[in-house]
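Below are some notes to read alongside the model, point by point.

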Amino acid sequence: MTYPFGAVVGMDDMRLALLLNAVSPAIGGVLVRGEKGTAKSTTVRALAAVLPPVTVVAGCRFACDPAAPDPACPDGPHDMGVPGQTRPARLVELPVGASEDRVVGSLDLERALTEGVKAFEPGLLAAAHRGVLYVDEVNLLHDHLVDLLLDAAALGTAYVEREGVSVRHAARFLLVGTMNPEEGELRPQLLDRFGLTVEVAAPRDPAERAEVVRRRFAHDADPAGFAASWADEEAGLARRIADARARLPHVVLSDDALRQVTAVCAAFDVDGLRADLVTARAAIAHAAWCGRDEVTEDDVRVAARLALPHRRRRDPFDTPGLDDETLEQALEDSRPDDDPPPPPDGPGDGGAPPPGEAGTGSDRHGSAPETGGEPPSPGEGETDGGQGGAPASERAAVAPADPFRARRLEVPGVGAGAAGRRSKARAERGRVVGSVRPSGPVTRLHLADTVLAAAPHQVARGRTGPGLRVAREDLRQATLEGREGNLVLFVVDASGSMGSRSRMGAVKGAVLSLLLDAYQRRDKVGLVTFRGGDAELALPPTWSVEAAAARLRTLPTGGRTPLAAGLRRAAEVLRVERVRDPQRRALLVVVTDGRATGARGSDALGAAHTAARRLAGEGTAAVVVDCESGPVRLGLAGVLGSHLGAQTLRLEELAAETLAGTVRAVRAAA
């Protein structure tokens, strides 16, 4: 499908960020964040059509340049100046479920050991060399694969090492990732590795939306004719990119401009020096794109707006953003005394208008604002949220207490789910725990067991020298044990039995701490709440821990305590998730004081215990967080935990520091 690059309106920041990286891939790629249906993927795919063609060595699987072939190319060595063939720059797409071998390539260990042949099958990094590597839903990609991609993009080289056999090849590409923040965020450490980040959203102007629909209909009616109508504009854009690439080495970054770059980065208190390097490279690329031979203040301003917002995000719940007043003040303070202020005329030729104020992107996504300070007290006619027949919405939301570092809660046993950091699992990465006979190609050789299997047959195989003779049947595949991510389903009591506002604030703070822990351990999360007469799935299972935190902050309390309804609702959610994602094991976290109330004459507590036993019978791993407080405790949460077959922890026992203190005390007593 061919689309005119930049035809989708309202995406000038994205367009500029992609163009700057096309001019200078050393910037480090682009991360595009935006709501669903905003043509993120369409725009990225259109980029390949305007990139200059590349000349490659004929038959080389690694796209070597005939004028400067890679001396370490696995298909080499290539003679200098050999005739090459010209082809369009490639756009290579990396699927979310790709394995490490699919990304970096794979070594045939069987041939290496039995025949002494270093056979290497190139991966997606080799295919993307001198082109574009596109990762849709990059926030759902395993962290170690994101690290691997970013390392290759930064170094321009890919390395593959397996049991002492290693291969390296050039891998210089323009890295583009797209994501919907509603589906979860990247860790701040990974965000920092992307050169530029932009926020996109659908236009709110009806005329612009109509133009998008009009062009889409025109394309569907006549794809070839539609592409031909934009061919001249695309060709002109391709020429301009080629001209800017040629000008790039000659652009001067003066000491004054460099001081402005570093002053802006210091003003926004970003960590490390990567921000300074990226901003400087982006400013140079912008000057080249605009046809200038020297970096100006305007180039620094544009670069900062694209390179810094995501680097200010330290907490997982922070929203990326940049304050324009701070930016302008930093530029003014670092301006030479004899330098007049630049005219207020936007970011220059080919640039983009300044992004909106920080935080507007999250408003468009519908995120609820954080609750700050003390919430309002209940209005007239509202009850104090005690048990009984009070309505379900009588108490306003309570602000959560400050989060803390939570202890790790695990699912018992060994799973086989997606890579994460919570429960033990058979994995592609981790510590070696054994070996098996391979059913297919050997990807992780267990060297010691392979040698032990081959040793008894050396005489029969005619071994005379120091080398070991290895056959196919001797090879052993290493079994690795790592960690997996789980589905953590929270079932939170929001009824009047939770008592005082300070107690509910402590409960919310504890759940928020567990959400932070789930974010760091790469879990999916869901939220079920129960209060009044029924239970509600406040948040279906999702990768977006931020969405769960927003729902938690605005959660009101009061009314009866339908504990059984909450457990039954959780059971329904878990049954659906087992079908949808059978490899992902679930951990049920029930946050309650164990009380249950219902209609007069009903056995609410007995119904809750019955629902708990059914969950246990289905093999649900669970933890009960006991929220009961005060000098007299009924211990109902512990009884619920026994019916669930779950560990019961008091609210104050969730902190990792509490666990560490207990371990120290036990060791001291011993």
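1. Which residue forms a salt bridge with Asp517? In this predicted model, the partner is Arg422, and the closest N and O atoms of the two are 2.9 Å apart. Asp517 lies in helix α17 (residues 501-520) and Arg422 in strand β12 (residues 419-436), so the pair ties together parts that are 95 residues apart in sequence. Asp517 counts as buried, at 5% relative accessibility, and Arg422 is buried too, with a relative accessible area of 3%.

2. The pair above is one of 40 salt bridges counted in the model. Another is formed by Glu328 and Arg305, with 3.6 Å between the closest N and O atoms. Here the link runs between helix α14 (residues 324-333), which holds Glu328, and helix α13 (residues 297-307), which holds Arg305; the two residues are 23 apart in the chain. Glu328 is partly exposed, with a relative accessible area of 29%, whereas Arg305 is buried at 12%.

3. Arg578 is in helix α19 (residues 563-580), while Glu618 sits in the loop between α20 (604-617) and β18 (621-626), 40 residues away in the chain. Are these two residues buried or partly exposed? Arg578 counts as partly exposed, at 36% relative accessibility, and Glu618 is partly exposed with a relative accessible area of 32%.

4. Now to the cysteines. How many disulfides does the model contain? The count comes to 0. Cys73 is worth a look here: its closest cysteine sulfur is that of Cys64, at 3.6 Å, which is too far for a bond because the cut-off is 2.5 Å. Cys73 is buried, with a relative accessible area of 6%. Cys265 is buried as well, its relative accessible area being 2%.

5. Please also look at Ala17, in helix α1 (residues 12-23). This residue counts as buried because its relative accessibility is 0%. Leaving aside residues up to four places away in sequence, Ala17 touches Val30, Leu196, Val198 and Leu306. The C-alpha atoms of Ala17 and Ala303 are separated by 9.0 Å, although the two residues are 286 apart along the chain.

6. The buried residues in α6 are Asp143, His144, Leu145, Val146, Leu148, Leu149, Leu150 and Ala152. An α-helix has 3.6 residues a turn, so residues three or four places apart point the same way. After α6 comes Gly156, with a positive phi near 75°.

7. Finally, a word on the surface. Leu447, Val451 and Leu468 form a nonpolar patch there, and together they have about 220 Å² of accessible area. Of these, Val451 is found in helix α16 (residues 447-454) and counts as partly exposed, at 34% relative accessibility.

Key:
Residues numbered from 1 in each chain as written. Predicted model: local features only at pLDDT ≥ 70, side-chain atom pairs only at ≥ 80, totals over all residues. Heavy atoms only, no water. Helix = DSSP H or I, 4+ residues; strand = E, 2+ residues; numbered from the N terminus. Buried < 20%, exposed > 50% of the residue type's maximum accessible area, 1.4 Å probe, protein only. Contact = heavy atoms within 4.5 Å. Patch = residues over 30% accessible without salt bridge, like charges linked within 9 Å, V, L, I, M, F, W, Y side chains within 5 Å. Areas by Shrake-Rupley, 256 points an atom, 1.4 Å probe, with all protein chains shown as cover. Salt bridge = Lys/Arg side-chain N within 4 Å of Asp/Glu carboxyl O.
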